[in-house]
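Work through the exercises below with the model open. Try each task before reading its solution.

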Amino acid sequence: MLIEKTLKNIRCDTASCHKMAMFNINTSSYKGSIYLCEECFKNLYNLMLKIKKEYSAKEIKGNK
C-alpha cells in the first residue's frame, strides 16, 4: 500500500464529497486506487488513530 500526493485533476472518492482529491492511496488491488481530498484524508487518519488506541487498550488488558 502506498500513499502519495496526486497530480491528477480528479474528485474525491468519498460519497457526497465534491472536492478535488489531494491524496492517492494505491492499494495494489483490482479495485484500483482511492483518491481523497485533504479533509477526508484527515478523517480517515483520525479514525485509524481511534482504532489503534482501542486495540492498544485491549492488548494491555489482555497481557495482565
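**Exercise 1. Classify E38 and K42 by accessibility, then describe their link.**

Solution. Start with E38. Its relative accessible area is 38%, so E38 is partly exposed. The classes are these: buried is under 20% relative accessible area, exposed is over 50%, and partly exposed lies in between, with a 1.4 Å probe and protein chains only. K42 has 48% relative accessibility and therefore also counts as partly exposed. Next, the link. E38 and K42 form a salt bridge, and the closest N and O atoms are 3.8 Å apart. The term requires a side-chain nitrogen of Lys or Arg within 4 Å of a carboxyl oxygen of Asp or Glu. Last, the spacing. E38 and K42 are four residues apart in helix α1, so about one helical turn separates them.

A note on the model before going on. It is predicted: local features need pLDDT of at least 70, side-chain atom pairs count only at pLDDT 80 or more, and totals for chains, interfaces and linings use all residues. Residues are numbered from 1 along each chain as its sequence is written, and side-chain values use heavy atoms, with hydrogens and water left out.

**Exercise 2. How many salt bridges does the structure hold, and which residue pairs with E39?**

Solution. The structure holds two salt bridges. E39 pairs with K19, with 2.3 Å between the closest N and O atoms. This pair links distant parts of the chain: E39 sits in helix α1, K19 in the loop between β1 (2–5) and β2, 20 residues apart. Check the exposure of both ends. E39 is partly exposed, at 45% relative accessibility. K19 is partly exposed too, with a relative accessible area of 41%.

**Exercise 3. Which residues make up the largest nonpolar core, and which form a nonpolar surface patch?**

Solution. Core: C12, C17, I25, L36, C37 and C40, six residues in all. Such a core is a set of buried Ala, Val, Leu, Ile, Met, Phe, Trp, Tyr and Cys residues joined through side-chain atoms within 4.5 Å. Take I25 as one of its members. Leaving out residues up to four places away, I25 touches M1, L2, I3, S33, I34, L36, F41 and L44.

Patch: L44, Y45, M48 and L49 together have about 350 Å² of accessible area. Patches take residues with over 30% relative accessible area and no salt bridge; like charges are joined within 9 Å, nonpolar side chains (Val, Leu, Ile, Met, Phe, Trp, Tyr) within 5 Å. L44 lies in helix α1. At 31% relative accessibility, L44 counts as partly exposed.

**Exercise 4. Where do S16 and S28 lie, and what are their phi values?**

Solution. S16 is in the loop between β1 and β2. Its phi is near 65°, positive in a residue other than glycine. S28 is in the loop between β2 and β3 (34–36). S28 has a positive phi of about 55°. Most residues other than glycine have a negative phi. Finally, exposure: S16 is exposed at 73% relative accessibility, and S28 is exposed at 62%.

How values were computed:
Areas by Shrake-Rupley, 256 points an atom, 1.4 Å probe, with all protein chains shown as cover. Helix = DSSP H or I, 4+ residues; strand = E, 2+ residues; numbered from the N terminus. Contact = heavy atoms within 4.5 Å.
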